[in-house]
Structures are given as C-alpha cells and as structure tokens.
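User: Hi! Could you walk me through this one? I'd like to start with the DNA and then look at a sheet.
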Protein chains: 2
Amino acid sequence: MRVLIVDDEPELAAQIAQTLRQQRYTVEIAGDGAAAAELICTEPYDLIVLDIMLPEKDGFAVLAELRAEGIATPVLMLTAKGEVANRVKGLDLGADDYLHKPFSMAELLARIRALLRRSHDKASPYLAVGSIRLDTNTRGVTLDNEPVVLTPKEFSVLEFLLYNCNRAVSRFNLAEHVWGEAFDPFTMSNNIDVHIKNLRKKLDDQAGRIIVTVRGVGYMIRDGQA
Amino acid sequence: MRVLIVDDEPELAAQIAQTLRQQRYTVEIAGDGAAAAELICTEPYDLIVLDIMLPEKDGFAVLAELRAEGIATPVLMLTAKGEVANRVKGLDLGADDYLHKPFSMAELLARIRALLRRSHDKASPYLAVGSIRLDTNTRGVTLDNEPVVLTPKEFSVLEFLLYNCNRAVSRFNLAEHVWGEAFDPFTMSNNIDVHIKNLRKKLDDQAGRIIVTVRGVGYMIRDGQA
DNA sequence: AGGCTCGATGAAGAAATGATGAACGGGCGA
DNA sequence: TCGCCCGTTCATCATTTCTTCATCGAGCCT
C-alpha cells in the first residue's frame, strides 16, 4: 500500500516513514504543500497523512484542492493542538480522520489501518478470499488456518491483489503500489512474475486457481464462486 | 483512452507512442500542426500531447484553433527549453499542463494520468451495446453478464468498434488504432478479418447480428435495435 | 445467370508472453 | 566480519496468441 506523508518537520516525517515501512507500506514524503499537491495529482496513493501547518500551502488548501480534483484518497490529518475549529474545518473539507500531535506511533498505525479498511467498505481487518486470510493488523497470512510465512514483497503483492479482488491488476499498477515511485517500468525485468511464482508456490496455488493470470494484462484474484 | 501525439520528431513521437501503448492507450501521431488540427477537429480524443515547435503551424496556433472550435480536450504541452514566456502564453491559450524537454517517460505518464483523471470522472469506464459490456479499466468483457475471455488484440478491436458505435469503421482505421503506426496495410494480409471472425465466435454472433460487415468498407457495431 | 470481387473460414507456422529454475549481490543481524 | 535471506536479474522453456496462406462462399454488377 502506498502512503504519502506530508509534513514539514523532516524528523517527524522520517520517523513516521520508518514506522510505516516496517509495516510494509510503500512510503513517500513531501515537505511542503505545493510539492504534496503535485504528487497527489500525479501519483496514485492509497492514503495520505497530512499535517495542517505547512509552508507554501497549508494542509487545508492541499485537501481542498485534492477533493476539487475528485481524488477520493483517504486523508488522515495531523493537528498541532487540539483545536476544535480546525477539526471541524478539516472534516468539512473532506478529511477522513484526525490525530493530535503528539501521538504515538501505535495510535497512528491503528488509525491508518482503520482508514484503509474503511475505504474498502470493510469492517474487519481481514482480507479473505477462499481459504486465504490476510490480517492487515498483524500482517500475517493463513491458508486453511495454517500460517504461511511470506517475505515483505510477497506480502505486499498479495495484499494489493486481495485489495483489488475480482479486478485484473496490471503489472504496472502493481509496481506502482508495491514499489512506489522508485520503480522504472523498463528496468524492472520480470521480477513481478517471480514474486507471483513464489507466492503461488507458498499458497499451494496448483493451477492458477488462486492467482489467475490475465494474459496481456496482469493478474487477478477471484472471489465468490469456486 | 485515445491520445494524439503532435510532434515533428518521429523518433520521440514513436517512443512516446510506444510507452503509451504499453499502458493500453490508443495512440495516434501527427507530424505537423496542420495535420494535427485536421485530426483534432474530426476525431474525438481524450488527450493531446502537443509540442510547441512544429512545421506548418506551431503548437500555439493549433491550441488556439482547437479552443476556438470549442474543443475542450485536455492538452499537455511540450516545451523545448524552460521558457517562461512560452509557459505563460500556453496557459493563456488554454493548455492544461506543461512538460519541459527532456523529460522522463515516467514523468510524462504521471502527468497524463493526472490530466485524464479529471475528465475521466465524467466518462464511465464502460462501453456497452446490447448485451455486450466492455470495461476499459479491467479489460474485461461480458455478454449477457457472462464473462467472455478475449485476447488483447480481440479486445482492442472490439473496443474500437464499440467506440465508433453506429459508424462504419474501415480496415485501415481499425489497423491504425489497434496496431499503431507500425502497420503496413499491404503486409497485413487479412488478419483483421480473422480477428473479427474470432470475435464473432466468442460473442456468439450468429449472423453478423452484432458485428455487421459493411461491404467495401469495413465493419460496424450497431446500437439501438435488437 | 455469369463472372468478378470481396469477405469468411480453418489450419499451420511464427512471434509474443508468461513461467520457471538458478545465480548474483546487497543488507541485516549474529 | 561472516553468513543468510531477500530481491532482482538472467536464460530457457512452455503456452497462448498473432499472422499468414489457401480455399470456400456470398454479394454485386452487367
């Protein structure tokens, strides 16, 4: 999952980024409002952590612009003080949740998970299809209730496929969300295929029954019918 | 999505075209301003990538003419140098975004996506006629709500026919859009006919009821009546 | 109706795409 | 520092898809 952190305090931003990366998120950082707006408009993110106090263009402006563009990405706003007025203003503009500084990383993670879940219209922290179950909280995966050990990249790939269940996901899309901006579509050889292969092996995916190859497009995980 | 690239450097244009085609855009190329203006006025595009320096008629002239015609298609302009004056002039004339040469393909893709998303909100990702429904996002096709598996070329052909619903489409046109500029109308045997045949079979098109043959011209899909 | 052209069709070779096994190299922890 | 794990790349194999070709059939014009 791809997350953008918008904060002008490099230290804090770096700290958040590190925490999120440990949780296998793909993280990018923007230091001011203008840069953030630019990135948000051109790159697809799954979540935005947005500080209100920013140079150039404050958090509200960024949020307003983004919603005006019709971008529905969930936004978690950070406020310096517990100012009620700001809270209301942000919610009016379409923020999805709030967090007051200072906050604990655990709290931040919890909010982020909740938001990502909500944007997917799901109440449970699980992404489950067939006998596969992925816990977005503990980042564990089970197959027929048996734990499966996945590497970080494998996990991210599976997570994204489950997120887009029943939809064909192109390699390009997958790369964008799993690798973030640090990927070059031309340099990247066939390593997505390799990860898919490894995933299939670990998930005991005999004949592409779980992860379906959509020739000429990419991959897909199907739900519902057998 | 249909994109027109206007650039007088065949190499660059071809490179851009290739990149975009990999992203499943339908791409056309115009080498000079006059040709571009002609195409823009007759064909519907979702986006135009417009170089400023052009023979015959420069980018500004094309842009001005196009807006004068009331065509609101988003335009991404390419500038040779970071000339501020040009930038301002272009924006005045109604360009939607800018990119300075040289640029990376990744950057170009990001800008294009951003521009398309705005207008994309209005247009649904579906093309539907009769009981056929085509999703341009996931590249899936259903017939009477039953999924139909098409190969990439088949999909592209069907997409173009649906796009030009109720209009007879010549083989030449079809080839141009599906195969891009890298096609030679004489080398290409009758393979369009073959794809049409396969499509008809998969779509259970009994007696040319869905894909109509227009003798001496090409093919057409009709809307409206059964 | 006859001749002619254009389109339809089935099959086979060529090309593209994905799958796989293995090896290299960097980063991290011991 | 060494060794291990993971991510990436590469070479090769298998399968699907695209293209070509030869032939058949149908529509159009005179």
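Predicted model: local features only at pLDDT ≥ 70, side-chain atom pairs only at ≥ 80, totals over all residues.

User: OK, over to DNA strand D. Which residues are the closest there?
Analyst: DNA strand D is surrounded by 23 residues, and A:Thr151, A:Lys153, A:Asn191, B:Thr151 and B:Lys153 are the closest. By class, that surface divides into 10 polar, 7 nonpolar and 6 charged residues.

User: Which helices each supply at least two residues near DNA strand D?
Analyst: Those are H6 (152-163) and H8 (191-202), in chain A and in chain B.

User: Nice. Now the sheet: what is the strand order in chain A?
Analyst: The order is E6-E7-E8-E9, an open sheet of 4 strands with antiparallel pairing. E6 (126-129) and E9 (146-148) of chain A each have a single partner strand, so one side of each is left without a neighbour in the sheet. On average, neighbouring strands are turned by 25 degrees against each other, direction ignored.

User: How many bridges pair E7 with E8 in chain A?
Analyst: E7 (residues 132-135) and E8 (residues 140-143) of chain A pair over 4 bridges. Within that pairing, A:Ile132 has A:Leu143 of E8(A) as its bridge partner.

User: Last one: which strands does H6(A) lie across?
Analyst: H6(A) lies across E6, E7 and E8 of chain A, and runs at about 75 degrees to E6(A).

Methods
Residues numbered from 1 in each chain as written. Chains lettered and ligands numbered in written order. Near = placed C-beta within 6 Å. Nonpolar A, V, L, I, M, F, W, Y, C, P; charged D, E, K, R; others polar. Pairing = 2+ DSSP bridges. Axes fitted to C-alpha atoms, helices over the stretch in contact; angles between N-to-C directions. Contact = placed C-beta atoms within 7 Å.
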